[in-house]
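Reader: I would like to learn how to read a model of this kind, one feature at a time. Please show me the structure, and I will start from a single residue.

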Protein chains: 2
Amino acid sequence: MTLIIAGVVRVPPENLEGLRPHMLVMLAASRAEEGCLEYTYAEDIADPGLIRVFEVWRDSSALDAHFQTPHMTEWRSHWPRFGVSDRRLFAYEIASQRPL
Amino acid sequence: MTLIIAGVVRVPPENLEGLRPHMLVMLAASRAEEGCLEYTYAEDIADPGLIRVFEVWRDSSALDAHFQTPHMTEWRSHWPRFGVSDRRLFAYEIASQRPL
């Protein structure tokens, strides 16, 4: 079953520019994974430094594999240096999808 | 059934600051609606001016009502002036949800 991953992490706004290149690496590497249908980071319009994560995965095995990748380990290794915190993500199983 | 609305609209990056106050009005008014569980706008980290929309609604009747609100009409009335374009949204029916 298709899965959406959605939620947030927070970075001090003054650290966002330093973190950005590492985010771009993580985006590219994740999008290249088997079963990754969408993978995005975006900064909240109303709350600077609040990073909104949105991902779509073909199924749970693709998502499970994502957590075992070297780029996931590397991405998280940068978090302490840039003060990334408040990770809060949810996995949603998708029953249907239609253009709105 | 719970619904996620997710997708994008685009604004020329130089128009984002002018559009921002109207986005804040739309966020506040939508979040106050019956059945609105989440309503967010965020700017893509890799693509300036690409606005990522993420919403969660209790059910389709709440979502239907959202499209009939005065703040929706007002929000869209600002689009031509700020060059908002490329609206591309999807509605997903949610079968389950869990923290990740």
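Reader: Leaving aside its neighbours within four places in sequence, which residues is Ile4(B) in contact with?

Author: First, a caution: this is a predicted model. A contact here requires C-beta atoms within 7 Å. Under that cut-off, Ile4(B) is in contact with Glu55(B), Val56(B), Tyr92(B) and Ile94(B) in chain B, and with Ile4(A) and Tyr92(A) in chain A.

Reader: Which residues touch the most other members of the largest nonpolar core?

Author: The general idea comes before the case. In soluble globular proteins, nonpolar side chains tend to be buried together. In this model the largest nonpolar core has 30 residues, and Ile4(A), Ala6(A), Ile4(B) and Ala6(B) touch the most other members. At least two residues of this core come from each of β1 (3-10), β2 (36-44) and β3 (50-57) of chain A, and from each of β1 (3-10), β2 (36-44) and β3 (50-57) of chain B.

Reader: How many bridges join β1(A) to β3(A)?

Author: As for the pairing, β1(A) and β3(A) run antiparallel and are joined by 8 bridges. One of the pairs to look for is Gly7(A) with its bridge partner Val53(A) in β3(A). β1(A) also pairs with β4 (residues 85-99) of chain A, again antiparallel, over 7 bridges. There, Leu3(A) has Glu93(A) as its bridge partner.

Reader: What strand pairing links β2(A) and β2(B)?

Author: These two strands pair in the antiparallel sense over 3 bridges. Glu43(A) has Glu43(B) in β2(B) as its bridge partner.

Reader: How many residues of chain B are in contact with chain A?

Author: The size of an interface is often given as the accessible area lost when the parts come together. Here the description is by contacts: 28 residues of chain B are in contact with 28 residues of chain A. On the chain B side, two or more residues come from each of β1, α1 (16-31), β2, β3 and β4 (85-99). β4(B) gives the most, with 11 residues. By type, this side of chain B divides into 19 nonpolar, 3 polar and 6 charged residues.

Terms used: Residues are numbered from 1 along each chain as its sequence is written. Chains are lettered from A and ligands numbered from 1 in the order in which they are written. This is a predicted model: local features need pLDDT of at least 70, side-chain atom pairs count only at pLDDT 80 or more; totals for chains, interfaces and linings use all residues. A nonpolar core is a set of buried Ala, Val, Leu, Ile, Met, Phe, Trp, Tyr and Cys residues joined through C-beta atoms within 7 Å. A residue is buried if 20 or more other C-beta atoms lie within 10 Å of its own, exposed if 12 or fewer, and partly exposed in between; C-beta atoms are placed from the backbone. Helices (H or I, at least four residues) and strands (E, at least two) are DSSP runs, numbered from the N terminus. Two residues are in contact if their C-beta atoms, placed from the backbone, lie within 7 Å. Two strands pair if DSSP finds at least two bridges between them. Ala, Val, Leu, Ile, Met, Phe, Trp, Tyr, Cys and Pro count as nonpolar, Asp, Glu, Lys and Arg as charged, and the others, Gly among them, as polar.
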